[in-house]
Amino acid sequence: MRTIRGAVAAFAALAVVSACGVGQDGDRATTSSAVTEEPGNPWDLPIEQRPPLFDPCAEIPIEAVEEGVGGPVEEVEEYTRHNPGEMMVCGWASDEVDISVLATWKSREEYLADASFEVLDEAPSGGRNGLRLTEVVDAFDSSCIQLFFTSRGTAWVRFDLVTGLNEFRGRPLTNACDALDKAIRPIMTYIPKGDFR
């Protein structure tokens, strides 16, 4: 179990690094206190004028994650990244699953062009527009990623089944995307609104 958890942690850390985006002008995102208050699509603004990124560690209560998973979880310190303006990540784990929620300004086009991901679906999830991905290297349906392009950046919710039998809520051989559909519902309450394409 420890070996699997360690491998998943390393894999998740690698995925977090690959999720880090660049600004539309090719520069890395920077923090700025000057946030434009004009209505409209924040994705059309220069990166330094966009709203602050969503902070999953501060804004998603652990109780919402536990409700989605169906049992207790612990925050995983190794998954946490706090780089305002660039990337914000928080993660939780149980004996069966790892969940990470990441915010960045990486665009839909950048994800679609990223060869390390396979697009599974562009249909709405939980009544919201988004993008469903899996990693090309995942041959066992053990991970699933849901993206929402919100008013405060791209919110990525990653769900990893960590047992050898892909168990979720005690049921073996679960598809990670099916499990994500159940687990994400209480979490989505806290994901910023404004689904942009």
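Tutor: In this predicted model, C144 and C177 form a disulfide with their sulfur atoms 2.0 Å apart. The S-S torsion of C144 and C177 is about 95°, so this disulfide is right-handed. The bond ties together distant parts of the chain, with C144 in strand β7 and C177 in helix α5, 33 residues apart. C144 is buried, because its relative accessibility is 0%, and C177 is also counted as buried, at 11%.

F159 is, with I99 and Y111, among the residues with the most contacts inside the largest nonpolar core, which has 44 residues. Strand β7 (143–150) and helix α5 (176–188) are among the elements that each supply at least two residues of this core; the largest share, eight residues, comes from α5.

Next comes the loop between β8 and α5, where T174 lies. T174 is buried, with a relative accessible area of 16%. Its contacts beyond four places in sequence include D141, L161, F168 and A179.

The whole structure holds two disulfides. The other bond joins C57 to C90, S to S 2.4 Å. Its torsion is about 115°, so the disulfide of C57 and C90 is right-handed. C57 belongs to helix α2 (residues 56–59) and C90 to strand β3, 33 residues apart. C57 is partly exposed at 30% relative accessible area, whereas C90 is buried at 0%. Counting bonded cysteines along the chain, the pattern is 1-2, 3-4.

Terms used: Residues numbered from 1 in each chain as written. Predicted model: local features only at pLDDT ≥ 70, side-chain atom pairs only at ≥ 80, totals over all residues. Heavy atoms only, no water. Core = buried A, V, L, I, M, F, W, Y, C linked by side-chain atoms within 4.5 Å. Buried < 20%, exposed > 50% of the residue type's maximum accessible area, 1.4 Å probe, protein only. Helix = DSSP H or I, 4+ residues; strand = E, 2+ residues; numbered from the N terminus. Contact = heavy atoms within 4.5 Å. Disulfide = S-S within 2.5 Å.
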